[in-house]
Amino acid sequence: QKEVEQDPGPLSVPEGAIVSLNCTYSNSAFQYFMWYRQYSRKGPELLMYTYSSGNKEDGRFTAQVDKSSKYISLFIRDSQPSDSATYLCAMISNAGNMLTFGGGTRLMVKP
Amino acid sequence: DAMVIQNPRYQVTQFGKPVTLSCSQTLNHNVMYWYQQKSSQAPKLLFHYYDKDFNNEADTPDNFQSRRPNTSFCFLDIRSPGLGDAAMYLCATSGVNSPLHFGNGTRLTVT
C-alpha cells in the first residue's frame, strides 16, 4: 500500500463546476500538507500549504485537512478551462523535509 | 521575481554520453532537491542537499551524481545515460519545514 493514495483520474467536468480532489494517507507523522498544480511540460506550482486540520481558503481554492481520518481535499469553485492540469497532493512529516507525493489527478475542465 | 531556474529546458543526449543539468535559485533556500519525473507519474526524489550536506536516496542509481558549489547553484550529472533515464528532471528548493518551490524542469531525451 502506498503512503499517499490519490485517484489518477482523468476527471472531466464542465466549466463552472465545483471540483473535489482528494488524497488519503497512512502515515500519522505527516504534519504539513500541500497541493501542487502541474501543467503539461512545466514544474509543479504550489497552490496551497496547510498545517492544521480544518479549512484554508485562497480565492477559488479551498484546502481541507482531516488528520483524524488521514484525508485531505482540494476544492475548486467556478472551475475554468485554465484549471485543466494535474493536481498533486504532497505531505511532509515533522522529522524533515522529504516530500511524499500522491500520484496526481489529471483534471480537465471543458468549456 | 525570486525563483528556481533550470537550464536547459530541453536536452537531447546520446546513449552513454555524459550530460549535466543545472539549477539556480534566488530564494536563498538552504535545501535543494533533484527529482525525476516520468510521464503520468509523481516526481521521484533522487537526492537533496541541506546546505553542503549531500543526501542520496537509497534507490538512486550510481549513474546519477550531484554537485552544489554554492547556495545558489546545483548540478545533476548523469554519467552514462540509458534509454530509461529519459524523463523530466525537476529541481526544487525549500527552507526548513517550508513547502518546496520547483523549477520548470529539464526534459531529457536519450537517443
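Which backbone oxygen lies 2.7 Å from a polar atom of the side chain of A:Gln6? The first legend gives the answer. The model shown in every view is predicted.

**View 1. A:Gln6 and its polar partners.** The backbone oxygen in question belongs to A:Tyr87, 2.7 Å from a polar atom of the A:Gln6 side chain. A second polar contact runs from side chain to side chain. It joins A:Gln6 and A:Thr105 at 3.3 Å. A:Gln6 itself sits in strand S1 of chain A, residues 4–6.

View 2. The relative accessibility of A:Gln6 is 10%. A:Gln6 therefore counts as buried, the cut-off being under 20%.

View 3. B:Ile5 lies in strand S1 of chain B, residues 4–7. Its relative accessible area is 33%. B:Ile5 is therefore classed as partly exposed, since the value falls between 20% and 50%. B:Cys23 is 18 residues away in sequence, yet the two C-alpha atoms are 5.6 Å apart. B:Ile5 touches B:Ser22, B:Cys23 and B:Ser24, residues up to four places away in sequence not being counted.

**View 4. The interface of chain B and chain A.** On the chain B side, 24 residues are in contact with 20 residues of chain A. The two chains bury about 1,700 Å² between them. Carbon and sulfur atoms account for 56% of that area. Three residues, B:Asn97, B:Pro99 and B:Phe102, supply 32% of the area that chain B buries against chain A.

View 5. Four residue pairs are in polar contact across the interface, with both residues at pLDDT 80 or more. Strands S4 (31–37), S5 (44–50), S9 (87–94) and S10 (101–102) of chain B each supply at least two residues of the side that touches chain A. By class, that side of chain B has twelve nonpolar, ten polar and two charged residues.

Definitions and conventions:
Residues are numbered from 1 along each chain as its sequence is written. Chains are lettered from A and ligands numbered from 1 in the order in which they are written. This is a predicted model: local features need pLDDT of at least 70, side-chain atom pairs count only at pLDDT 80 or more; totals for chains, interfaces and linings use all residues. Side-chain values use heavy atoms; hydrogens and water are left out. Contact means heavy atoms within 4.5 Å. Buried area is the accessible area (1.4 Å probe) that two parts lose on being put together, summed over both. A polar contact is a pair of N or O atoms within 3.5 Å; within protein, one must be able to donate a hydrogen and the other to accept it, and residues adjacent in sequence count only if both atoms are side-chain atoms. Helices (H or I, at least four residues) and strands (E, at least two) are DSSP runs, numbered from the N terminus. Ala, Val, Leu, Ile, Met, Phe, Trp, Tyr, Cys and Pro count as nonpolar, Asp, Glu, Lys and Arg as charged, and the others, Gly among them, as polar. Buried means under 20% relative accessible area, exposed over 50%, partly exposed in between (1.4 Å probe, protein chains only).
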